[in-house]
Amino acid sequence: MFYREAGQFKTTYEADSAKFPIFQDKVFIWLYLAIGFIAIPLFGSQFFLDAIMIPFLVLALAAVGLNILTGYTGQISLGTGAFMGVGAYACYKLTLAMPDVNIILLIVASGIFSALAGVFFGLPSLRIKGFYLVVTTLAAQFFLEWAFIRFPWLYNYNPSGAIEVPQREAFGVIVTGAAASSEARYLVVLSVVVIMTWFASNILSGRIGRSWMMIRDMDIAAELMGVRPLYAKLSAFAVSSFYCGVAGALMVFIWQGAAEVEIFDYNRSFQVLFMVILGGLGSLLGCFLGAAVIFIFPIVMHHALPPIWETLTPWTMNSSQADLVAAVIIGVMIVAFLILEPHGLARLWAIFKQKLRVWPFPY
Amino acid sequence: MELLNQIFIEPFQTMYALPDLLLQTLWEGFVAGTLYSLIALGFVLIFKASGVFNFAQGIMVVFAALVLVGVHALGVNAYLAVLITLGVMALLAMTVVRVVLKPLVNQPDIILFMATIGLTYILIAGGQLVFGGEPKAMITEELGLPTGSSDWEVGGGIVIFQHIDIAAAVIAVILIAGLAIFFNKTRVGRALRAVADDHQAALSVGISLEYIWMVVWFAAGVVALTAGIMWAAKSDVSFALQVVALKALPVLVLGGFTSIPGAIIGGLIIGLGEKVFELYWGSTILGGGTEAWFAFIIALLFLLYRPEGLFGEKLIERI
Amino acid sequence: MNAHDPSMHGRTDDGIAVGDVLLHVDNISLSFGGVKAITDVSFDVRKGEVRAIIGPNGAGKTSMLNVINGFYHPQEGTISFRGEKRRKMKPYQAASSGISRTFQNVALFAGMSTLDNIMAGRTLKMHKNFFWQMWRHGPALQEEIEHRKVVEEIIDFLEIEHIRKEPVGTLPYGLQKRVELGRALAAEPDLLLLDEPMAGMNLEEKEDMSRFIIEVNQQFGTTIALIEHDMGVVMDLADRVMVLDYGKKIGDGLPEEVQANQDVIDAYLGVAH
């Protein structure tokens, strides 16, 4: 009824290839951005910003990175955590070397280092496919994880082996370190994520994104249509790792404030992979939906499940058991989605919108 | 210069000067290699029969050991506990095939692979939920496995052989031989090889895919239980083992995804390689801890040189 | 698509007149391990003609196409395309030198829409770099729209407007074949290789496809080499026919000549060897 495209005719190819071809979608996207940039910082509690929104956005950005590689280019990676780590350590070294440079610039620049790491470990993808690639990306994961510990230079010989984020400013506002306000940090993350997602969607809808999808769908035909596998695959690895690297830098500098190697271990790689699977392979919207479910659902379970369980049953439950229940449910959800809707939440959303378009009629 | 010396001269001097150390390392590498081989074998069985790259194989090892210890902790006799665990593994095989694999027939491989990652998550969290997450001791003695050790004097030093390691090697050999006989001499084995060759053709001559898959998943479960007992006897039953179990993947890369001899030889190469490398090069030059990545980096280098594996056939792509 | 649009005529400045040799295949031999797929085959394709390759199953026809566009590397022999001699080349090099093709078993990009699949055929014609793409608005979008226009012409020509935005994986087989032809045409090839363009089609679909092939050849002057099993179609469409059997060339010439060739009749009907 309200969500109709009747009467909206496209008269140019430009209008027809727009990202949000339907007028209502355009309205909604601006509405979401207004909520994100104005309403949430104004009304959101500190807990909501620190413990929910910032981590959610950071992980969604990492999911965008992995989705570029896995969802759009068809190369499975289990090295996301390590590439995030490269970004974080690079950012740390950069800001120590150049303390006066705008930290946001350095966070983005650190993505270049993870992009290089991604290209290096992506090299085998030129000769191998599928499951073999899982092994080489795991090689990246374990080797880099080891390197983060073995080279004390990376964490500035800190005896605890951890990165401690120094206080840094951007545009005259403190955005990292203990003195930074939640609102400032949230706005930094949101800006970076929104801009980078916009760039990603541009790339994906152009020639380069199309060449990635060609490689994913039918690599031989892609090559016969003139796509050079070397460029296509390595550029996907580079862009994907760049995004993961920036996400890693944001994770340490804005979200956690300090970091040990453990936050980049292979569990992180799995967490991001799950976001991509559940959200929808080959969908940017899916990255955000997946991140929301995989990150926020366990938090809700952690706090809500034990009291509910204890009122309903005579047995007790502590919060770590609730975490395990949440993990089982996520595992079940992954399998169930793969069986019932391999394109994830994003497809469900698309189906819902389709229904909305024709509502109140069934077809 | 110093570095070249550390790479090319010193390790060999040490090997020559302390032969007992070398032998000890080789033995430990061999034992670790047998276990990698066993886990890889579980992968190969399932991959051959169903084309599924079962990421959960490593977790099945931990899960099986956990169930065994958990059931025994309830006061059940050790051997009965083994039987119950086998029952649980059979149930797991049936559930996985019925609930996960069957609905996903004809889906792209990557989807099936991801489903097994989901399964991994379920097994990890589910196992901890039921049996608790803290490390547990394996019931080695109760199972009648030897626990002592023997010394052997070599060149002025001694090499220690843990009896459990010897038992592990022997049992692994028996298990592999048993599987070889099962798959080569029995009707089910023949059906399995038919399925491995061509699903459709096998279906058309009346072989039940579902049944064959259950058999291989169960066989992989048996292999997992064996590997789990042996492994946990050396350390503990804990989910930290899952990281170690991932090393079966590089083993597969070396040996090829469908080759049983490949899995065995690949496992031994990785096991021996990482122990020797860590002792003579890793700990001296790289500051140790190289066992975490050695297998994966070797696999990566190997893939660049020979993508089809040691025993795999070169694939001719058709279009 | 406008018949007078010079962009659809392929390269006009390559100095090869209609009727001259465009592709020359010399003494090609190809084997996989011990299996000989092609043995010492030579033939040529002249500019502007429709060249058919026929032969029983397993005769090496598809392998021949794979050799021509660089997917297989023959052990012996050379290929000259537009006068350039080469033996080993990568498929994307073949594509950029002006060879485009369709496949026996439809090899579309199943996760993409019809429009994107045909746009994919324009990959080599698009040049705006990564950073323009990132920004999109401006030159990259301009380029995208220019190519979209060409693609829309092809869509009109093939009469597939209604499935423009459908994911190709869900289309019926006949339409998929048509989209695949569109994708190959989008590359504006000098030489178009069609691997069984009518396999598995019903009569009506075959008639449509034949019409498209003839129009592509006659209106746009695109040189075509095709593999086909339907003899009626081959005899009607082809200017010249080459016959392969067990990887060897057993006949070559005008359709009528080949039809009368005793070796060819034997190969198709089978004789006691």
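**Basis of the entries**

I note that this is a predicted model, in which local features need pLDDT of at least 70, side-chain atom pairs count only at pLDDT 80 or more, and totals for chains, interfaces and linings use all residues. Residues are numbered from 1 along each chain as its sequence is written, while chains are lettered from A and ligands numbered from 1 in the order in which they are written.

**Chain B, helix H3**

I took helices (H or I, at least four residues) and strands (E, at least two) as DSSP runs, numbered from the N terminus. Just after H3(B), I found Gly75(B) with a positive phi of about 100°.

**Chain A, overall**

I counted 14 helices and four strands in chain A. Its radius of gyration is 21 Å, close to the 21 Å that the globule rule gives for 363 residues, so chain A is as compact as a globular protein of that length. The radius is taken over C-alpha atoms, and the rule is 2.2 Å times the number of residues to the power 0.38. Along the principal axes, the C-alpha trace spans about 65 × 60 × 45 Å. Of the 363 residues, 50% count as buried. I called two residues in contact if their C-beta atoms, placed from the backbone, lie within 7 Å. Of the contacts in chain A with a separation of 6 or more, 74% come from residues 24 or more positions apart.

**Where chain A touches chain B**

The contact takes 32 residues from chain A and 38 residues from chain B. On the chain A side, H6 (131-150), H11 (266-279) and H13 (319-340) each supply at least two residues. H13(A) gives the most, with 12 residues. I sorted the chain A side into 26 nonpolar, four polar and two charged residues. Here Ala, Val, Leu, Ile, Met, Phe, Trp, Tyr, Cys and Pro count as nonpolar, Asp, Glu, Lys and Arg as charged, and the others, Gly among them, as polar.

I then examined Arg127(A), which lies in the loop between H5 (103-122) and H6 of chain A. Arg127(A) is partly exposed, with 14 other C-beta atoms within 10 Å. Leaving aside neighbours within four places in sequence, Arg127(A) is in contact with Leu303(B), Leu304(B) and Pro307(B).

**Chain C**

I counted 10 helices and 10 strands in chain C. Its radius of gyration, 19 Å, agrees with the value near 19 Å for a compact globule of 273 residues. The C-alpha atoms fill a box of roughly 65 × 40 × 40 Å along the principal axes, and 45% of the residues count as buried.

S1 (residues 21-32) and S2 (residues 35-46) of chain C run antiparallel and are joined by eight bridges; strands pair if DSSP finds at least two bridges between them. Val25(C) stands opposite Phe43(C) in S2(C). The hairpin has two residues between the strands, and there I noted Gly33(C) with a positive phi near 60°.

Definitions and conventions. A residue is buried if 20 or more other C-beta atoms lie within 10 Å of its own, exposed if 12 or fewer, and partly exposed in between; C-beta atoms are placed from the backbone.
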